Amino acid sequence: MNEIVLMSDPKIAAIPVADCGEPLVDVRLQESLAVDSRKADQSGAFAHLREGVLIRLLKAQELLPGGVRLLFVEGYRPPTLQRFYFERYADHLRADNPDWSPAQVREAASRYVSPPEIAPHSAGAAVDLTLISADGRELDMGTRVNASPEESDGACYTDADGVGSEARANRRVLGDALTAAGLVNYPTEWWHWSYGDRYWALQADADSAVYGPREL
């Protein structure tokens, strides 16, 4: 497995943001995209993405094999919710590892939840998704969407060893389509893909991110 750059790495925070001002759009208005309700919130924030991300997501869907579709799970996440998720997970890690330093807790937490100040979801730049069959059945991806490293024993990592052949093939199908459409994966989460954020800028060797954190 190649060395993984985590969201907590200082080189991510050092990337400047030149927000292009592109709007957040509701993906539920796209009839061709299947949207799951497991992360639904009262405001509908979960179903929003920057327009450029949605365009690329729809392109990725066109590249999938026949009989396979994307299932959108979560996009935009308000900064306050992102902070809550990060601090809650960090608290769990701190309780389970009382000898860890604050830096160790932050690094470990960032495998699963991005530090709030640089979170791609809060920029409307990231999407959590999986694959479904034509009849709506979720395909085997090796773990559930949003499985933590502890819960999955590391199988949530995109290139994890020990994942079954069917799940590995499905991850490859998902990754090939999204990569071809211009998105990048966070390697600790097979379901997390983004475009235009700081992590994308690092992977794409861009001078700056084009999307920064914002309110809906």
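A salt bridge here is a side-chain nitrogen of Lys or Arg within 4 Å of a carboxyl oxygen of Asp or Glu. By that rule, the count comes to 11. The model is predicted, so local features need pLDDT of at least 70 and side-chain atom pairs count only at pLDDT 80 or more, while totals for chains, interfaces and linings use all residues. Residues are numbered from 1 along each chain as its sequence is written, and side-chain values use heavy atoms, with hydrogens and water left out.

Take aspartate 19 and arginine 50, whose side chains meet in a salt bridge at 2.8 Å, N to O. This pair links distant parts of the chain, 31 residues apart: aspartate 19 sits in the loop between helix 1 (10–13) and strand 1 (24–26), arginine 50 in strand 3 (residues 48–50). Helices (H or I, at least four residues) and strands (E, at least two) are DSSP runs, numbered from the N terminus. Aspartate 19 is partly exposed at 38% relative accessibility, whereas arginine 50 is buried at 0%; buried means under 20% relative accessible area, exposed over 50%, and partly exposed in between (1.4 Å probe, protein chains only).

Aspartate 128 and arginine 77 also pair up, with their closest N and O atoms 3.8 Å apart, and both residues are buried.

As for the nonpolar core (buried Ala, Val, Leu, Ile, Met, Phe, Trp, Tyr and Cys residues joined through side-chain atoms within 4.5 Å), the largest one has 50 residues, with Leu57, Leu70 and Leu174 making the most contacts inside it. Helix 2 gives the most to this core, with 5 residues.
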